[in-house]
Amino acid sequence: MMLSEQTQSALAYFDEYSGFNLRKKNDIGEILEIASVVGAAEEFNALVFAGKIVWNLYSTLRKITSEQDGYRNVEHEFAASVQTMRERLAFFALESDDDALKQRFEEVYLGVSQGTMRNLVDIAHDLARFKDLQGDEQRKAGK
């Protein structure tokens with residue numbers, strides 16, 4: 001998929017904000033482009049929010065053991081949040097005119113393999129950073 005100049009600029013700004021620590025930069029760019037083309041700002045923000053939740057829950061799961069109180073609840077919320085994020089990603093894949101992108105998203109994010117879960121966590125990391133950027137920009141604008 002060819003990214004517009006606006007999407008490339010937004011992605012460069014986001015990449016710089018993130019300290020060049022993005023894991024799925026190209027996929028974030030493609031999602032941004034699709035959101036821009038189809039006018040799906042609300043859907044994009046819903047994806048960003050879902051990604052932030054997945055990343056936060058994943059980070060929590062890495063810090064606690066299965067014997068600790070609440071572990072099962074966190075694990076359950078993580079699974080539900082991953083499903084929500086998958087649904088949001090599927091929306092963007094379906095909105096794309098690019099069949100190769102649809103196929104790749106199906107394989108990379110929408111499958112049920114261990115690799116798919118790692119990819120979902122990676123893009124959740126990037127979406128969480130995007131949510132952080134949104135919050136920082138809102139705070140700056142409010143000053």
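Helices here are DSSP runs of H or I, at least four residues long, numbered from the N terminus. I start there since the helix numbers come up throughout. The model is a predicted one.

First, helix H6, which covers residues 114-142. Asp132 and Arg129 make a salt bridge, with 3.3 Å between the closest N and O atoms. Both residues sit in H6, three residues apart, so about one helical turn separates them.

Is Lys140 buried or exposed? Lys140 counts as exposed, at 53% relative accessibility. The cut-off for exposed is over 50%. Glu137, with a relative accessible area of 31%, is partly exposed.

Now to what H6 packs against. Helix H1 runs over residues 5-17, and its axis comes within 10 Å of the axis of H6. The crossing angle is roughly 95°. Angles from 65 to 115 degrees count as roughly perpendicular, and H1 and H6 are therefore roughly perpendicular to each other.

Which residues of H1 meet H6? They are Tyr13, Phe14 and Tyr17. On the H6 side, the contact takes in Asp126, Arg129, Phe130, Asp132, Leu133, Asp136, Glu137 and Lys140. By class, that contact has five nonpolar residues, six charged residues and no polar ones. Note that the salt-bridge partners Arg129 and Asp132 are among the H6 residues that meet H1.

Next, helix H4, residues 71-95. Here the side chains of Arg72 and Glu75 form a salt bridge, 3.7 Å from N to O. Arg72 and Glu75 are three residues apart in H4, so they too are separated by about one helical turn. Arg72 is exposed, with 59% relative accessible area, whereas Glu75 is partly exposed at 34%.

Last, the salt bridges as a set. How many are there in the whole structure? A search finds nine. Some of them join up: Asp27, Glu30 and Arg104 are linked in a network of salt bridges.

That is the end of my part.

Definitions and conventions
Residues numbered from 1 in each chain as written. Predicted model: local features only at pLDDT ≥ 70, side-chain atom pairs only at ≥ 80, totals over all residues. Heavy atoms only, no water. Axes fitted to C-alpha atoms, helices over the stretch in contact; angles between N-to-C directions. Helix = DSSP H or I, 4+ residues; strand = E, 2+ residues; numbered from the N terminus. Parallel < 35°, antiparallel > 145°, perpendicular 65-115°, else oblique. Contact = heavy atoms within 4.5 Å. Nonpolar A, V, L, I, M, F, W, Y, C, P; charged D, E, K, R; others polar. Salt bridge = Lys/Arg side-chain N within 4 Å of Asp/Glu carboxyl O. Buried < 20%, exposed > 50% of the residue type's maximum accessible area, 1.4 Å probe, protein only.
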